[in-house]
Amino acid sequence: MTEQLLRSPLHDRHVALGAKFAPFGGWEMPLEYAGGGVLKEHSAVRESVGVFDVSHLGKATVTGPGAADFVNRCLTNDLNRIAPGKAQYTLCCDDATGGVVDDLIAYLYGPEHVFLIPNASNTTEVVRRLVEAAPEGISIVNQHPDYAVLAVQGPRSTELLEKLGLPTDHEYMSFETAKLGGAELTVCRTGYTGEHGYELVVPAAQAAEVWDALFGTDIEVRAAGLAARDTLRTEMGYPLHGQDLSLEISPVQARAGWAVGWKKAEFWGREALLAEKAAPQRVLWGVLATDRGIPRAHMTVLRPGTDEVVGEVTSGTFSPTKKIGIGLALISTASGLTEGDQVELDVRGRRSVVTIVKPPFVTASTK
């Protein structure tokens with residue numbers, strides 16, 4: 001029997017816009033919309049403003065005496081680096097291997113309240129692990145269906161929210177609560193596009209009201225789907241869990257060590273990651289096409305002119321901004337290859353030359 005896909009509370013709005021849907025993380029989500037598709041949606045975010053429905057993202061609350069300290073003993077980043085009202089990118093790693101169970105955003109409301117936004121398909125597992133480890137008095141609640149998340153991204157995102165009376169002047173990775181019509185929501189200065197933007201966490205019952213308000217000003221706003229979200233994040237070199245991060249790809253390999261509190265005495269996967277940090281066997285690089293080839297996930301990376309396998313592509317796409325193929329690839333450290341070197345991709349038996357680079361591939365207009 002085919003598993004029934006979950007739907008966003010905004011599903012009817014997407015249907016009305018002629019969305020093409022695709023399964024993602026157990027949800028039926030808009031891939032792109034009629035009247036422009038991926039290229040126009042991508043350009044809208046880089047040049048003006050686009051709105052993504054990312055309600056498939058998970059939501060979970062951790063509350064109780066010492067809740068923040070408990071989360072800090074589990075996840076990689078150091079919550080002590082931030083104050084209440086701030087958000088933090090962090091990782092949930094397997095304690096034994098250091099592999100990434102999920103990457104997520106932690107909203108710190110206070111010492112007794114942390115709100116987590118994991119990825120869709122990993123929410124249940126992240127919550128399970130936290131519940132299993134939680135001491136008495138700490139409550140972890142999976143609120144996945146209770147909230148919608150709308151990502152408002154692009155150079156005109158501030159202008160759009162200001163027209164709706166929403167707060168916009170808070171710092172990057174900070175959040176404020178606000179009200180829009182009958183909806184109480186959280187406005188966070190975060191995003192997955194590299195552009196200046198915000199993510200709105202809204203009760204599911206009020207999601208349609210907030211969506212309609214975002215499209216009801218005199219600013220031209222374009223709905224954007226998951227396909228444009230992928231091209232945008234790849235241009236910035238942002239990892240996607242399940243491709244560039246996974247139980248087999250650690251934060252060390254994925255260059256996400258900046259999101260690890262190495263000086264913390266405790267977090268899941270600490271010993272394994274410290275050992276790997278001393279001698280990583282592979283590391284994530286960007287690859288930039290030099291011909292018409294487009295990198296795609298799972299393509300083999302070869303040393304030029306040989307059959308020596310030196311890595312594998314984890315993500316790849318055509319960059320609408322650079323008009324060329326780009327990707328991310330895990331490259332063996334033993335190969336000695338580094339930035340500026342050329343390698344070859346096996347594209348269905350044909351060799352395509354790419355150059356090893358450090359992302360981002362595109363410099364966003366603002367952050």
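This is a predicted model: local features need pLDDT of at least 70, side-chain atom pairs count only at pLDDT 80 or more; totals for chains, interfaces and linings use all residues.

Residues are numbered from 1 along each chain as its sequence is written, and side-chain values use heavy atoms, with hydrogens and water left out.

**Entry: helix α3.** I looked up residues 67-74 and found six of the eight buried (buried is under 20% relative accessible area, exposed over 50%, partly exposed in between; 1.4 Å probe, protein chains only). Helices are DSSP runs of H or I, at least four residues, and strands are runs of E, at least two, numbered from the N terminus. The buried ones are A67, A68, F70, V71, N72 and C74. Their cover includes β5, β7, β8, α4 and β9.

**Entry: salt bridges.** I count a side-chain nitrogen of Lys or Arg within 4 Å of a carboxyl oxygen of Asp or Glu. The structure holds 18 of them.

- R129 pairs with E125, with the closest N and O atoms 2.7 Å apart. The two sit four residues apart in α4, about one helical turn. R129 is buried at 18%, while E125 is partly exposed at 27%.
- E308 meets R303 at 2.8 Å, N to O; E308 is partly exposed at 37%, and R303 is partly exposed at 25%.
- E271 bridges to R270 at 2.9 Å between the closest N and O atoms, and E271 is exposed at 55%.

Terms used. Contact means heavy atoms within 4.5 Å.
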